[in-house]
Amino acid sequence: MNFLPLTSILLATLIINNAIRRSNRREQEKKRMYYEREKKAARTPSQNLDKIRWISVPSGLPLDLLAEDGHCVRIQQTIKKLSSKKIANLGDYTNTDLKLEYGASNIELLSEADANCIVLLRSLNELAGIYEEKGFEDEAMELLRFAVDAGSDDPSLYDKLSDHYMKKDDFAAVLSLKECADELESERGEQISENLGRSIAIMEAVRNEQTSEGNP
């Protein structure tokens, strides 16, 4: 009688069971650590919020175009209303992180500030799209640039700005854009920075070629 298939089945079952037990232990450890951090966070007293990078809507932002477009006006009003509220880009933090850093009593204020930032970035992007479609490209780029300053890590936004600045041969603006990308801590930040690095290299190559052609 051949016991090899039965032995193989038993061995495979043993391996699978061990893997399941290890996985369960890891999950239990993760849950334990999470609850420990939550307990500590819940006990953290209120901290000073001076380290928060609050976002202010610039008074000179172009928010009065296309008054005949009802949808456009509603977005503009949303951005104007946000200008009187607390805004902060806290997308890289969990609620537990925020409580540990700034105190449990501040979580409501900070969560609202982060939610306001999400609405702001979405509104800026949507309004810029309308402006660009209607021929207000410079104004659209001004909105997108503010979105960058507010911490957006939307690659398409950076691509639009980069293309716009390259068409205008605004080397300094592309460099400034890359500096903002270099400060991003999200997963998309590195790719955005690499893309802008290539744009800068292209602009430098064109400039060097133009300089060479200008020399006798």
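**Salt bridges and their exposure**

Author: Arg188 and Asp153 form a salt bridge, with their closest N and O atoms 3.0 Å apart. The two sit in distant parts of the chain, 35 residues apart: Arg188 in helix H8 (residues 187-214), Asp153 in the loop between H5 and H6. Helices here are DSSP runs of H or I, at least four residues, numbered from the N terminus. This is a predicted model, where local features need pLDDT of at least 70 and side-chain atom pairs count only at pLDDT 80 or more. Residues are numbered from 1 along each chain, and side-chain values use heavy atoms, without hydrogens and water.

Reader: Why is the contact between Glu101 and Lys51 called a salt bridge?

Author: The rule asks for a side-chain nitrogen of Lys or Arg within 4 Å of a carboxyl oxygen of Asp or Glu. For Glu101 and Lys51 the N to O distance is 2.7 Å, so the pair qualifies. Glu101 lies in helix H3 (residues 95-102) and Lys51 in the loop between helix H1 (4-43) and helix H2 (70-82), so the pair ties together parts 50 residues apart in sequence.

Reader: What makes Lys51 exposed?

Author: Its relative accessibility is 61%. Exposed means over 50%, buried under 20%, partly exposed in between (1.4 Å probe, protein chains only), so Lys51 counts as exposed. Glu101, at 34%, counts as partly exposed.

Reader: How do you know that Lys167 forms a salt bridge with Glu137?

Author: Their closest N and O atoms are 3.3 Å apart, so the pair meets the rule. Lys167 is in helix H6 (residues 155-167) and Glu137 in helix H5 (residues 137-149).

Reader: How many salt bridges does the rule give?

Author: The count comes to 8.
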